[in-house]
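Subject: Structure handover

Hello,

Here is the structure for your work. My notes on it follow below.

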Amino acid sequence: DTVYSAEVALKSLVRHKVDLVLLGSYFGTRVNGVDLIQEIRRKYDIPYIFIFSHQESSSKELGLINEHTGILSRPFRQKEIQNTLEVTLYNYAQKL
């Protein structure tokens, strides 16, 4: 699913088997990407890729990065997306 709020994203995670979450840091709602990542980590064991710009990055966001997390900094190129997907999924599979 493509969703535009953290609340809808959480509902989608309940309804669907998800292999990977790709999300940004800001949804324009009361729950942001950082809050969503914390909720995902609490309830689900799925990898995620966090997209942010250098202006958005903070120590709180960077502290959510772990061994089965990908990170993309805007602007990015198609090759960076592909590499990040491959590395994130590989690292996650190694954890299992």
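Helices and strands here are DSSP runs, a helix having at least four residues and a strand at least two, numbered from the N terminus. On that basis the chain has four helices and three strands. Please note that this is a predicted model.

**Overall layout**

The elements run α-β-α-β-α-β-α from the N terminus on. The chain has 96 residues, and 35% of them count as buried. Take the contacts between residues at least 6 apart in sequence: 47% of these join residues at least 24 apart. The accessible surface comes to about 6,300 Å². Carbon and sulfur atoms account for 53% of that surface.

**Helix H4**

H4 covers residues 78-95, 18 residues in total. From first C-alpha to last, H4 reaches 26 Å, close to the 26 Å expected at 1.5 Å a residue. Thr84, Thr88 and Tyr92 are buried in H4. Seen down the axis, the buried residues of H4 fall within an arc of 55°, so they line one face of the helix. What do these buried residues pack against? Their partners are strand S2 (48-53) and strand S3 (69-74). The face of H4 turned away from the buried side carries exposed residues: Gln78, Lys79, Tyr90 and Gln94.

**Salt bridges**

The structure holds four salt bridges. Details on several of them follow.

*Lys17 and Asp19.* These side chains meet in a salt bridge at 3.1 Å, N to O. Lys17 sits in the loop between helix H1 (6-15) and strand S1 (21-24). Are the two partners buried or exposed? Lys17 counts as exposed because its relative accessibility is 74%, over the 50% cut-off. Asp19 is exposed too, with a relative accessible area of 53%. The C-alpha atoms of Lys17 and Ile46 are separated by 9.8 Å. Along the chain, Lys17 and Ile46 are 29 residues apart.

*Glu39 and Arg42.* Their side chains meet in a salt bridge at 2.3 Å, N to O. Both residues lie in helix H2 (residues 33-43). They are three residues apart, about one turn of the helix. Glu39 is buried, as its relative accessible area is 15%, under the 20% cut-off. Arg42 is exposed, with a relative accessible area of 59%.

*Lys95 and Asp45.* Here the salt bridge is 2.6 Å, N to O. The pair links distant parts of the chain, 50 residues apart. Lys95 is in helix H4, while Asp45 is in the loop between H2 and S2. Lys95 counts as partly exposed, at 36% relative accessibility. Asp45 is partly exposed as well, with a relative accessible area of 42%.

There is also a network: salt bridges that share partners join Glu39, Arg42 and Lys43.

**In brief**

For a quick look, start with these points:

- H4 has its buried residues on one face, and they pack against S2 and S3.
- Lys95 and Asp45 link helix H4 to the loop between H2 and S2.

Best wishes

Methods
Residues numbered from 1 in each chain as written. Predicted model: local features only at pLDDT ≥ 70, side-chain atom pairs only at ≥ 80, totals over all residues. Heavy atoms only, no water. Expected span 1.5 Å × (residues − 1). Buried < 20%, exposed > 50% of the residue type's maximum accessible area, 1.4 Å probe, protein only. Arc of directions from axis to C-beta. Contact = heavy atoms within 4.5 Å. Areas by Shrake-Rupley, 256 points an atom, 1.4 Å probe, with all protein chains shown as cover.
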